[in-house]
Amino acid sequence: MSDNAKSLVKGDVSREVIPFDNGSHAVIEYLETRDSEVSDEFGRFTAKFRKVTLHGKLGVLSERIDLNPFYDRDADKLNGKWQKEYSLEVIHEGLSLDEIKKRIENNESYLVVIWKKGRAPLPVDLGYHRKVTLSLIDNANTVEALTFNVINIVRSMKG
């Protein structure tokens, strides 16, 4: 892709760092291939893969490489199209509900990040909301559903 074509793609970045109030942060690096290092030539819309790393206070919590949900083969033709809506995204370490339950029962944290285009990411530490998480986890089908239910219960308790 030429430099001129890339300049038409607004918001095409090769790396994003998302800080959270609790000192944790997520790093998303956009990659051409699963094995490539991050490069300024590839970004949110032009890279087929991305590496997502969650950092806690004591170091790396998880790191994974997956398909980039923002990837668009026609990125060089985007211009205004980049503003289209993307689905809500939930990023976490990738543990199963049973593994998360064991972690929470051991008074450990489990960070889940909810992110929607155009909005600030929302970090949710399921371990911080231990009682609520444990009361809901056995009836949850997915980490996403569990996280949204925890948020709704915690908000209703505050309101």
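Which residues does Leu97 touch, not counting residues up to four places away in sequence? In this predicted model, Leu97 touches Ile137, Ala140, Asn141, Thr142, Val143 and Leu146. Leu97 belongs to helix H2, which spans residues 97-105 and in which Ile100, Arg103 and Ile104 are buried along with Leu97. Viewed down the axis of H2, these buried residues fall within an arc of 120°, so they line one face of the helix. An α-helix has 3.6 residues a turn, so residues three or four places apart point the same way. Asp98 and Lys102, on the other side of H2, are exposed. The cover over the buried residues of H2 includes helix H3 (130-136) and helix H4 (143-158). After H2 comes Asn107, with a positive phi near 60°.

Leu97 and Ile100 are also among the residues with the most contacts inside the largest nonpolar core, together with Tyr110, Val112, Leu126, Leu146 and Val150. This core has 17 residues. At least two of its residues come from each of H2, strand E6 (111-115) and H4. The largest contribution is that of H4, with 5 residues. Another core lies apart from this one and has 15 residues, including Ile18, Ile28, Val113 and Trp115.

Leu136, located in helix H3, touches Leu146, Asn149, Val150 and Ile153 when residues up to four places away in sequence are not counted. Leu136 and Leu146 are 10 residues apart along the chain, and their C-alpha atoms are separated by 6.8 Å. Thr147 has its place in H4 itself. The relative accessible area of Thr147 is 1%, and the residue is therefore buried, the limit being under 20%. Neighbours within four places in sequence aside, Thr147 is in contact with Val112, Ile114, Val124 and Leu126.

An open sheet is formed by 3 strands in the order E5-E6-E7, with antiparallel pairing. Strand E5 (89-92) and strand E7 (122-125) are the edge strands, each pairing on one side only. On average, neighbouring strands of this sheet are turned by 25° against each other, direction ignored. The antiparallel pairing of E5 with E6 extends over 4 bridges, and Glu89 stands opposite Trp115 in E6. Helix H4 lies across E5, E6 and E7 and runs at about 85° to E6.

Strand E2 (residues 25-31) is mostly covered, with 6 of its 7 residues buried. Strand E1 (residues 15-19) pairs with E2 in the antiparallel sense over 5 bridges, and Glu16 has Ile28 in E2 as its bridge partner. The two strands form a hairpin with 5 residues between them, and Gly23 in the turn has a positive phi of about 95°. E2 is also joined to strand E3 (residues 49-56) by 7 bridges, the two running antiparallel. Tyr30 stands opposite Arg50 in E3.

Over the whole structure, 7 salt bridges are found. Side chains of opposite charge can pair when their charged atoms come close. One of the salt bridges joins Arg15 and Glu29, with the closest N and O atoms 3.6 Å apart. Arg15 in strand E1 and Glu29 in strand E2 are 14 residues apart, and the pair links distant parts of the chain. Arg15 counts as partly exposed at 46% relative accessibility, whereas Glu29 counts as buried at 13%. Glu29 forms a salt bridge with Lys51 as well, the closest N and O atoms being 3.5 Å apart. Because Glu29 lies in strand E2 and Lys51 in strand E3, this pair ties together parts that are 22 residues apart in sequence. Lys51 counts as buried at 19% relative accessibility.

Asp66 and Arg50 meet through their side chains in a salt bridge (3.1 Å, N to O). Asp66 lies in strand E4 (residues 59-67) and Arg50 in strand E3, so the pair ties together parts that are 16 residues apart in sequence. Asp66 counts as buried at 17% relative accessibility, and Arg50 is buried with a relative accessible area of 2%.

How values were computed
Residues are numbered from 1 along each chain as its sequence is written. This is a predicted model: local features need pLDDT of at least 70, side-chain atom pairs count only at pLDDT 80 or more; totals for chains, interfaces and linings use all residues. Side-chain values use heavy atoms; hydrogens and water are left out. Buried means under 20% relative accessible area, exposed over 50%, partly exposed in between (1.4 Å probe, protein chains only). The arc is that of the directions from the helix axis to the C-beta atoms. Contact means heavy atoms within 4.5 Å. A nonpolar core is a set of buried Ala, Val, Leu, Ile, Met, Phe, Trp, Tyr and Cys residues joined through side-chain atoms within 4.5 Å. Two strands pair if DSSP finds at least two bridges between them. Axes are lines fitted to C-alpha atoms, for helices over the stretch in contact, and angles run from 0 to 180 degrees between N-to-C directions. A salt bridge is a side-chain nitrogen of Lys or Arg within 4 Å of a carboxyl oxygen of Asp or Glu.
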